[in-house]
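Reader: I am new to this structure and would like to know what lies behind the words used to describe it. Please show it first, and then I will ask.

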Amino acid sequence: MLLACSALPPLAVPSLGAGIRRAQQKVNEIESATTLIRGYDPALIPGLLQTPEYAEAIFRQVADFNRTPSDAEEAVAARMDRQQRYLYRGNRRVHYLIGEQALYTTVGDDDVMFGQLDRLLTAMSLPRVLLGIIPAMAQYLVSSTNFIIYDNRLAVIEGVTAAVTITQPRELVAFGRAFEVLADQSATGDGARKLVTKASEARRIAVTSGERDFRLPLVE
């Protein structure tokens, strides 16, 4: 199991009740001291690869669910600033893994999703970015929720109301091993682009036909 954890107070990500922008600022502090960011999310696109519209829809939904004041516009601005710092400047590298489901989870509306899928195709060409997509029918090998590993010193799990910080070396090794297992299952390069394009085409067909209950296409 990958749920055992220990808090690291100086770097702990604030509760969402304190505002999403404040949480974004704390994440920026952690990332600024990191050379390699590795992350996995089974159902959503990672923050550093999100469009402003996708990020805003996420932030507004989080605030609504948690019944907290929405500071979505400020949080989006902070996230876009992080993208400029870490994807286009400096020597940091990001290696993200997402489940194929993340390409189909509707965040916002169809226009938001079409823009986000196009953004993924662009992001894959960036020299500092490696994106792997785990096919929907991949073999089960490890149980895991979403997580982010900062170098080999810190891991963060994003929960419903706050994030949990992992600092114990043995636990960090387990998260690193889980990431490697998932990475070995992922499609990258042309294979990942094919999955993104397939998702965009499936959504376009759904919009045209009016059939909203579209499903992951079977592997060809």
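**Terms and the values behind them**

Author: A polar atom of the Thr34 side chain lies 2.8 Å from the backbone oxygen of Ile30. This is a predicted model, and the distance is computed from it.

Reader: What makes the pair formed by the side chain of Thr34 and the backbone oxygen of Ile30 a polar contact?

Author: The cut-off for such a pair of N or O atoms is 3.5 Å. The distance here is 2.8 Å, so the pair is within the cut-off.

Reader: Where is Thr34 in the chain, and why is Thr34 called buried or exposed?

Author: Thr34 sits in the loop between α1 (20-32) and β1 (36-41). Its relative accessible area is 2%. Buried means under 20%, so Thr34 is buried. Beyond four places in sequence, Thr34 touches Arg92, Tyr150, Asp151 and Arg153.

Reader: Why does Ser32 get the label it has?

Author: Ser32, in helix α1, has a relative accessible area of 38%. Buried is under 20% and exposed is over 50%, so Ser32 falls in between and is called partly exposed. Its side chain has a polar atom 2.8 Å from the backbone oxygen of Glu29.

Reader: How do you know whether Gln185 is buried or exposed?

Author: Gln185 belongs to helix α5 (residues 169-185). Its relative accessibility is 17%, which is under 20%, so Gln185 counts as buried. A polar atom of its side chain lies 2.6 Å from the backbone oxygen of Gln139. Apart from residues up to four places away in sequence, Gln185 touches Ile134, Pro135, Ala138, Gln139 and Leu141.

Reader: How do you know that the length of α4 agrees with that of a helix?

Author: Helix α4 (residues 110-123) has 14 residues, and at 1.5 Å a residue it should span 20 Å. Its end C-alpha atoms are 20 Å apart, so the two values agree. For α6, with 21 residues, the first and last C-alpha atoms are 30 Å apart, close to the 30 Å expected.

Reader: Which residues of α4 are buried, and what covers them?

Author: The buried residues of α4 are Asp110, Val112, Met113, Phe114, Gln116, Leu117, Arg119, Leu120 and Ala123. Their cover includes α2 (52-66), α3 (72-87), β2 (93-99), β3 (129-134) and α6 (189-209). An α-helix has 3.6 residues a turn, so residues three or four places apart point the same way.

Reader: Which residues of α6 are buried, and what do they pack against?

Author: In α6, the buried residues include Ala192, Leu195, Val196, Ala199 and Arg203. The buried residues of α6 pack against α4 and β3.

Reader: Which residues touch the most other members of the largest nonpolar core?

Author: That core has 44 residues, and those touching the most other members are Leu49, Ile98, Leu103, Leu120, Leu131, Ile133 and Tyr150. The largest share of this core, six residues, comes from α3. Another core, of 14 residues, lies apart from it, with Phe147, Ala155, Ile157 and Leu182 among them.

Reader: What does Leu103 contact?

Author: Beyond neighbours within four places in sequence, the contacts of Leu103 include Ile98, Met113, Leu117, Leu120, Ile133 and Leu195.

Reader: How many helices and strands are there, and how much of the chain is buried?

Author: The protein chain has six helices and six strands, in the order α-β-α-α-β-α-β-β-β-β-α-α. Of its 220 residues, 48% are buried.

Reader: What is the mean pLDDT, and where does pLDDT stay under 50?

Author: The mean pLDDT of the protein chain is 87, and 85% of its residues reach 70 or more. Over residues 1-16 pLDDT stays under 50.

How values were computed: Residues numbered from 1 in each chain as written. Predicted model: local features only at pLDDT ≥ 70, side-chain atom pairs only at ≥ 80, totals over all residues. Heavy atoms only, no water. Helix = DSSP H or I, 4+ residues; strand = E, 2+ residues; numbered from the N terminus. Buried < 20%, exposed > 50% of the residue type's maximum accessible area, 1.4 Å probe, protein only. Expected span 1.5 Å × (residues − 1). Contact = heavy atoms within 4.5 Å. pLDDT = per-residue confidence, 0-100. Core = buried A, V, L, I, M, F, W, Y, C linked by side-chain atoms within 4.5 Å. Polar contact = N/O pair within 3.5 Å; in protein donor to acceptor, adjacent residues only side chain to side chain.
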